[in-house]
Structure formats: structure tokens, C-alpha cells
Amino acid sequence: PAFAVAAVALGPAAGVVAGAAGATVALRRSPAASSDVPAGGAAEAVELVMVGLLAGLTARDAVATAGRLGPTAAREPLEAAARRLHGGWSPDAAFADGGLSDLGAVLAACARWGAPVRPALRRLADDLRADRRAAAEEAAERAQLALVFPTTLLTLPAFVLAVVPPLLWTAFAGAVG
């Protein structure tokens, strides 16, 4: 719509500029731009909890230690979960409202079934890294798509200005001379 209005009101060049700008803004605000990937450092936080558990700490002490030493983005959810664990909450309930809810679910399942915690937490950390990698690749693809319109907008006029005038100059110079 911006292209049509600008083309009628200001001419075709302004319409192209307005259309490209509108398309770029629309792509940036698209719902695909949002992501449900856990907070950065989630995989590292899971591994810190795993190291604490393997060192002989209880789950609540391992989570509290990871909350103090962990990645900045994961400290707040870890510290909140550590307070809840010290209050007697189950691991899955303690982590329920943060980006690390999967960590709570794994800890609860391992405690409930008596399963070894290391392979489960290693797998969770690998899955979190794969999710973060997929989100980064998706963001890169969106950036490429967002750059198509400005690149076309700048390259096409430059091509026309670089190729057409010399051809016209040569054609008219040959007709006159």
C-alpha cells in the first residue's frame, strides 16, 4: 500500500523507497521474529549443576552454587530455584516459572526414578545448545531476507546509472559523428 500511495503522490522513485521501507519494517515485526529459546547460558547452567551434583553436593546446594557462579543470564532463575529448593519445593516446581524448567523436570525425574543424573543432564545441555544454534541460524536467515529489499533498492539504480548512460552516450555519439 505504501508503494501505491507514494507512487501516485510523489512519483515512482518515492514509491519504490516507501515500499522497500514498509516491507523491511513488516519483516522486522513479523511474529516469526520472536523466539521461545531459553535464556542465554542455559546449557552452561545445566552443566554447572551437573558438576556440583557429581562433586557430591545436594541438588539445592548445586543449584545455589550454579546461581552464584553461573552465566549472568541464568543467575536469577537459578537463585530463585535455589531459594525454593531450600524452602522444600520439589525440583520441577522450583524451576517451573523460568527458562530452566527442563532442568527442574530432569532433576525431579532422576530423583523420582533413581536414574543417574549425569547422562540426563548432559543430554539436556546438548539439547539446549542445539536449540540455541537453531535460533541463531533462524535469526541469520531472517537477516538475509530483511536485507534483500534494501540491497535491491540500492543495486538496481546503481546498475542503471552505471550501464545505461554510457550506452546512450555511445549510441548518440555514433549517430552524431
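Student: What should I know about the numbering and the cut-offs before I start?
Tutor: Residues are numbered from 1 along each chain as its sequence is written, and side-chain values use heavy atoms, with hydrogens and water left out. Because the model is predicted, local features need pLDDT of at least 70 and side-chain atom pairs count only at pLDDT 80 or more, while totals for chains, interfaces and linings use all residues.

Student: How many helices and how many strands does the chain have?
Tutor: Helices (H or I, at least four residues) and strands (E, at least two) are DSSP runs, numbered from the N terminus. From the N terminus on, the elements run α-α-α-α-α-α-α-α. The chain accordingly has eight helices and zero strands.

Student: What share of the residues of the chain counts as buried?
Tutor: A residue is buried under 20% relative accessible area, exposed over 50%, and partly exposed in between (1.4 Å probe, protein chains only). Of the 177 residues of the chain, the buried share is 24%.

Student: Are helices α3 and α4 roughly parallel or oblique to each other?
Tutor: Axes are lines fitted to C-alpha atoms, for helices over the stretch in contact, and angles run from 0 to 180 degrees between N-to-C directions. Angles under 35 degrees count as roughly parallel, over 145 as roughly antiparallel, 65 to 115 as roughly perpendicular and the rest as oblique. The axes of α3 (residues 42-54) and α4 (residues 59-69) come within 8 Å and cross at roughly 135°. The two helices are therefore oblique.

Student: How do the residues of the contact of α3 with α4 divide into nonpolar, polar and charged?
Tutor: Contact means heavy atoms within 4.5 Å, and here it is made by Ala45, Leu48, Val49, Gly52 and Leu53 of α3 and by Ala59, Ala62, Val63, Ala66 and Leu69 of α4. Ala, Val, Leu, Ile, Met, Phe, Trp, Tyr, Cys and Pro count as nonpolar, Asp, Glu, Lys and Arg as charged, and the others, Gly among them, as polar. The residues of this contact divide into nine nonpolar, one polar and no charged.

Student: Are α4 and α5 roughly parallel or roughly antiparallel to each other?
Tutor: Helix α5 spans residues 72-86, and α4 packs with α5 at an angle of about 155°, with their axes 8 Å apart. The two helices are therefore roughly antiparallel.

Student: How many charged residues are in the contact of α4 with α5?
Tutor: On the α4 side the contact includes Arg60, Asp61 and Arg68, and on the α5 side it includes Arg75 and Glu79. Besides nine nonpolar and two polar residues, the number of charged residues in this contact is five.

Student: Which helices are included in what covers the buried residues of α4?
Tutor: The buried residues in α4 are Ala62, Val63, Ala64, Ala66 and Gly67. What covers these buried residues includes α3, α5 and α7 (101-113).

Student: Is Val46 buried or exposed?
Tutor: Val46 is found in helix α3, and Val46 touches Leu103, Leu121, Leu124, Ala125 and Leu128, not counting residues up to four places away in sequence. Val46 and Leu100 are 54 residues apart in sequence and 8.4 Å apart in space, C-alpha to C-alpha. Because its relative accessibility is 0%, Val46 counts as buried.

Student: With the side chain of which residue does the side chain of Glu47 make a polar contact?
Tutor: Glu47 lies in helix α3 and counts as buried at 18% relative accessibility. Leaving aside its neighbours within four places in sequence, Glu47 is in contact with Arg122, Ala125 and Arg129. A polar contact is a pair of N or O atoms within 3.5 Å; within protein, one must be able to donate a hydrogen and the other to accept it, and residues adjacent in sequence count only if both atoms are side-chain atoms. At 3.0 Å, the side chain of Glu47 makes such a contact with the side chain of Arg129.

Student: Is Thr170 buried or exposed?
Tutor: Thr170 has its place in helix α8 (residues 117-176), and a polar atom of its side chain lies 2.7 Å from the backbone oxygen of Pro166. At 56% relative accessibility, Thr170 counts as exposed.
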